[in-house]
Amino acid sequence: GAAHARAPLAVRMRPRSLDELVGQQHLLGPGSPLRRLVASDQPMSVFLWGPPGVGKTTIAAIVSRAGGRRFVELSAVTAGVKEVRSELDVARRELAKGRPTVLFVDEVHRFSKTQQDVLLPAVENRLVTLIAATTENPAFSVISPLLSRSLLLTLKPLADSDIADLVRRAVADERGLGGHHALDDDALAALVRLAGGDARRALTYLEEAAAVASARAREAGGGGADPLAIGVADLEAAVDRAAVRYDRDGDQHYDVISAFIKSVRGSDLQADLHYLARMIEAGEDPRFIARRLIILASEDIGMASPAVLQTAVAAAQAVQLIGLPEARINLAHATIAAAMAPKSNAVVNAIDSALADVRAGKIGQVPPHLRDAHYSSAGELGHGVGYRYAHDFEHGVARQQYLPDALEGARYYEPTDHGAEEQMVGRLAALEELLGRK
């Protein structure tokens, strides 16, 4: 039913139909599963997988309104087997009276295997329309029999434009602030950043900022017919945190990431963590930070500490799997590893030097003995003739010409004596001697 006037703004502004839903356009096309779920009287089981505040509870409520279905919400944090069985018994009695039930289970990944087993007969016999919400991959947290009988829908994080549209709607809508407040552009941009793609958080912050603005106006003896302005200061006071000045499409974006990279390169761990925190707090895309760390791991560290690249890649995968806020720990892990590692730019120098030669036309023909010799007439052309198989020789190194004639004697990789790369100096010298280049 309709939310009462004193209900939280996020509850009052909850969409009443799929057409009011913000974001998730990939699930809202004609004939899509969500459309069919709302339009059909046939019960089904659906798992909604996505980050917080993207509309999982809202979708369940919209489905329940269609056809006058009864809506029951359980939280896997507090509900046990007894509560689940009790609700299923009620659903069975209501169904006998002709009233179907939508059972919404929030955070279903927290249900034990036993609790999930209780749901299985109800799903299999279509006793209820089960809508289960989870922020974790159901493939790892939901029993296979239940998942195989259900439809899995993946909800995407809301874009900044989605959050901005939602906030503007809440400011103007009678269910929201009813046009009695006006949010200036700077405050809107700050609110979008602080929300971090979470619609519920955005509306909660807006409601509190409006309350701060109203209190400020009362103290100043102001007010009147004009909408009451909500500024950045009101927002900061409401959420008790600074709306970090940071334009993801402007100078701040490039300045902060530049400072972050240069601080890692300079091994200043404390500065690195400051700039990392600044980007996270400002709402920077964590995937962007992770990508920069992966590049840095090879460009500025390379063979001096090869494991840093693995750490950076693992952090990027963690960002994809779990998202913020937890992924801040993984990004900090990779940042600390990169900052404290010995530094070397020998890898980037090596590939750039090789590319420079190729672009300058220093290419030459592949030596005949290295060419493909797998077809019948290759020998007649001299391809593969005289090739020396490395594994037949001591140390697994065969002395022969590998570079084209035009590049004989070229050197690209010059290891430093930093960290693990110091071992490469001696290793490279030994290989060069075995190859007859010294």
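Me: Where is Pro325 placed?
Reply: This is a predicted model, where local features need pLDDT of at least 70, side-chain atom pairs count only at pLDDT 80 or more, and totals for chains, interfaces and linings use all residues. Residues are numbered from 1 along each chain as its sequence is written, and side-chain values use heavy atoms, with hydrogens and water left out. Helices are DSSP runs (H or I, at least four residues), numbered from the N terminus. Pro325 sits in the loop between helix H15 (307–322) and helix H16 (327–340).

Me: Which residue does a cis peptide bond join to Pro325?
Reply: Most peptide bonds are trans. Here the bond is cis, with omega about 10°. The partner of Pro325 is Leu324.

Me: Is Gln24 buried or exposed?
Reply: Gln24 lies in the loop between helix H1 (9–12) and helix H2 (33–39). Its phi is positive, near 60°, and it is not a glycine. Buried means under 20% relative accessible area, exposed over 50%, partly exposed in between (1.4 Å probe, protein chains only). Gln24 has 4% relative accessibility, so it counts as buried.

Me: Is His395 buried or exposed?
Reply: His395 is in the loop between helix H17 (346–359) and helix H18 (421–434). Its phi is positive too, about 70°, in a residue that is not a glycine. The relative accessible area of His395 is 58%, so His395 is exposed.

Me: Which residues is Thr58 in contact with, leaving aside its neighbours within four places in sequence?
Reply: Thr58 belongs to helix H3 (residues 56–65). At 10% relative accessibility, Thr58 counts as buried. Contact means heavy atoms within 4.5 Å. With those neighbours set aside, the partners of Thr58 are Arg14, Pro15 and Leu21.

Me: Why are H8 and H9 oblique to each other?
Reply: Axes are lines fitted to C-alpha atoms, for helices over the stretch in contact, and angles run from 0 to 180 degrees between N-to-C directions. Angles under 35 degrees count as roughly parallel, over 145 as roughly antiparallel, 65 to 115 as roughly perpendicular and the rest as oblique. The axes of helix H8 (residues 160–172) and helix H9 (residues 185–195) come within 10 Å. They cross at roughly 120°, so the pair is oblique.

Me: Which residues of H9 make the contact with H8?
Reply: On the H8 side are Asp160, Ile163, Ala164, Val167 and Arg168. On the H9 side are Leu188, Leu191, Val192 and Ala195.

Key: Helix = DSSP H or I, 4+ residues; strand = E, 2+ residues; numbered from the N terminus.
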